[in-house]
Amino acid sequence: MYAILDIESTGGKYNEEGIMEIAIYRFDGENTVDRFISLVNPEREIQPFVVKLTGINNKMLRSAPKFHEVAKRIIEITQGTTLVAHNAQFDYRILRTEFRRLGYNFERKTLCTVDLSKKLLPDAESHSLGKLVRSLGIPVSDRHRANGDALATLKLFKLLLAKDIDKSIVKEVVRAETLGELTEKQLDIVESLPSETGVYYMHNKDGDILFLGKTKNIKKRVNQHFTNEGQLARILQKETKKVTFERTGSELAAILKEGVELQENKPKFNKKIKDQCFSHGVYIAKDKNGMLTLRAEQANGHARRLSSFNSLKASRNFLNEVLKKYQLDSLIEPEKRNELITEIEKKHSVQNRTLALLDKGRQLGEKSVFFIKNGTFQGFGYADLNHQINNIPILESIITPMKGNPNTTFIIESYLRKYKIQIVELES
């Protein structure tokens, strides 16, 4: 559980500042479950440059609650959380200073999104909150006000969680918690997991990942681990002290994410997944009259590919389906046939194309975006605005980079045959 925090202070001498506005979003890793936003009467003068920066003046704060009147609410909403802020050292110091004035020792674990973004977004031109979120296409309003900056930090933190392939954020938080032996009641944590598509992580008492997997139903799959018999199930039941998860919305995202994170984390009890590099395909060729034809054959890496397969049988089965569905055998007029085959190709092939594939997001209004550049998979992320998708520099900044290879090509083209998802052509 996290508490996304932003504070606007009065300015002044070190440790003499006061809080004049505070915003806290209690965030469970997926959703905001509580929030607290308030002006605060700091009982001291606001520095002129702060008034100019924030627009908050002494007159606005005369009727605002004093810190001791909101202190209990702050303790409650941050209880059991890790504080997350952009330049967390500053916000945490100011908050602790205010509590010390009341004679209370306020202590919480902290995460700094400046440090996290430097690690996970090393190529960003700037790691200041305003410039960073703009470069990522994240909409922000009310800059230099607590609520506006807290919301921007929340959106940034969600993106950082998604880009954190080696799970260093989760590991640090899990490792910092006091973890005892799981009771039968604690095993029922599975009941709080969502029945949704995603990737799940089974941790030991040190926070290390013992096992991770993809599934279309997180709750059901984790429940199976805790109730199954067999050597692996018994080991996981004994050693698992916590289960975390990431909803992906898209099954394709879960498949790709699992493959990358298995390579990065090498969990102790996962079997190595064999690459499914395609060995065959359905290819497009021209006959002597200039008419396009389709044929199933062994992959050669050069021919114009309609789709990729791991066997000649699968290639032929798909070819027969396409011929029947589009009645290509009866279509002998070259122009119409060529036009139809080209349209079919656009639905199934990523070869030599620069594309954004759009699939289900994790919540309403959001889309998962898979970026393919010159036929090679670059990574995926999430977006809720069209300009994030159509602008390649922004798209490259919001995706989690992943190394494309014949295996990812096979996975993606297999998915395109199975599901109907939106394909957006991009200019290289």
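What volume does the largest pocket have? I noted about 1,200 Å³ for the largest pocket, where a volume is the space filled by probe spheres set on grid points joined across faces, edges and corners. On a 1 Å grid over the protein atoms alone, a pocket is an open set with protein on both sides within 12 Å along at least five of seven lines, a cavity is a set of points where a 1.4 Å probe fits but cannot get out, and lining residues have an atom within 4 Å of a point.

Before going on I wrote down the basis: this is a predicted model, in which local features need pLDDT of at least 70 and side-chain atom pairs count only at pLDDT 80 or more, while totals for chains, interfaces and linings use all residues. Residues are numbered from 1 along each chain as its sequence is written, and side-chain values use heavy atoms, with hydrogens and water left out.

Of the 45 residues lining the largest pocket, I found Phe27, Gly29, Glu30, Lys158 and Leu161 closest to its centre. Helix 7 gives the most to this lining, with seven residues; helices (H or I, at least four residues) and strands (E, at least two) are DSSP runs, numbered from the N terminus. By class I read 22 nonpolar, 10 polar and 13 charged residues in the lining, with Ala, Val, Leu, Ile, Met, Phe, Trp, Tyr, Cys and Pro counted as nonpolar, Asp, Glu, Lys and Arg as charged, and the others, Gly among them, as polar.

**Cavity.** My search of the whole structure returned one cavity of 30 Å³ or more, and the largest cavity has a volume of about 60 Å³. Among the residues that line it are Glu246, Arg247, Phe380 and Tyr382, and strand 8 and strand 14 each supply at least two lining residues.

I then traced an open sheet of three strands in the order 7-6-8, with antiparallel pairing; two strands pair if DSSP finds at least two bridges between them. Strand 6 (residues 198-203) and strand 7 pair over six bridges, and valine 199 stands opposite lysine 214 in strand 7. Helix 10 packs on this sheet, touching strand 6, strand 7 and strand 8, where contact means heavy atoms within 4.5 Å.

Lastly, I recorded that helix 10 (residues 218-227) and helix 11 (residues 231-239) pack at about 95°, with axes 7 Å apart, the axes being lines fitted to C-alpha atoms, for helices over the stretch in contact, and angles running from 0 to 180 degrees between N-to-C directions.
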